[in-house]
Amino acid sequence: MGKWCEVKCACPNRIKVHDPGVPHWNPRYLCGHSDGAVVQFWPGYLFEVGKLLRRMAKEEPDILDTYPRFLKVSNFNLYVDEYLALSKDDAELWRTEIDDLLDHDNGARSFPYEIARIWQEFWVEFFADDWHKKDAVSVKEILGDGVKLCEASRQTGNPIEFGL
Ligand SMILES: [Zn+2]
């Protein structure tokens, strides 16, 4: 399956359907949520944002304090048994980090010159790739997927879960 992230649903009838016709890697639930999750997708592009922030932090250490959750979810050394969960409270804080980056993306805020250049150059190169342009679309879309995870966590009270 590769890397994944999800927020499980909080439906009272989140009960796995036992049906020999259903493959174990794609369980069905009575509530109807596929895999019993409200949101589930491949988080590869969000991890790219984290890696980019880590690169920027080498020039500007403040980045480490400004985006700790972004750096955490994209640091595979912190995964235990290829798994990491971000609590509901941490998800709220991650949301503020994402909103902050959205502000940088739409020009409402700007990074210090040196690291602004690293941020911009990375995305120019990233979106020069046709597949990235088609699949990832834009920085706003990528960050928007992160917002979906945070919203789902807030609504269900469940953590955001990541797997490698
Ligand atoms: Zn459900």
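## Overall fold

The chain contains seven helices and four strands; helices (H or I, at least four residues) and strands (E, at least two) are DSSP runs, numbered from the N terminus. Read from the N terminus, the order of elements is β-β-α-α-α-β-α-α-α-α-β. The C-alpha atoms occupy a box of roughly 55 × 35 × 30 Å along the principal axes.

This is a predicted model, in which local features need pLDDT of at least 70 and side-chain atom pairs count only at pLDDT 80 or more, while totals for chains, interfaces and linings use all residues. Residues are numbered from 1 along each chain as its sequence is written.

## Contacts and core

Two residues are in contact if their C-beta atoms, placed from the backbone, lie within 7 Å. Of the contacts in the chain with a separation of 6 or more, 67% are between residues 24 or more positions apart. Of the 164 residues, 25% are buried. A residue is buried if 20 or more other C-beta atoms lie within 10 Å of its own, exposed if 12 or fewer, and partly exposed in between, again with C-beta atoms placed from the backbone.

The largest nonpolar core has 31 residues; such a core is a set of buried Ala, Val, Leu, Ile, Met, Phe, Trp, Tyr and Cys residues joined through C-beta atoms within 7 Å. Helix α7 (residues 139–156) gives the most to this core, six residues. Leu53 and Phe70 have the most contacts inside the core. Leaving out residues up to four places away in sequence, Leu53 touches Ile63, Tyr67, Phe70 and Leu71.

## Packing of α1 and α5

Helix α1 (residues 44–59) packs against helix α5 (residues 113–126) at about 155 degrees, with the axes 9 Å apart. The two are therefore roughly antiparallel (angles under 35 degrees count as roughly parallel, over 145 as roughly antiparallel, 65 to 115 as roughly perpendicular and the rest as oblique). Axes are lines fitted to C-alpha atoms, for helices over the stretch in contact, and angles run from 0 to 180 degrees between N-to-C directions.

From α1, the residues Leu52, Arg55, Met56 and Glu59 meet Glu114, Ile115, Ile118, Trp119 and Phe122 of α5. Six residues of this contact are nonpolar, none polar and three charged, where Ala, Val, Leu, Ile, Met, Phe, Trp, Tyr, Cys and Pro count as nonpolar, Asp, Glu, Lys and Arg as charged, and the others, Gly among them, as polar.

## A loop residue

Asp19 sits in the loop between β1 (4–8) and β2 (37–41). Asp19 counts as exposed because it has 9 C-beta neighbours inside 10 Å. Asp19 and Ser74 are separated by 55 residues in sequence and by 36 Å in space, C-alpha to C-alpha.
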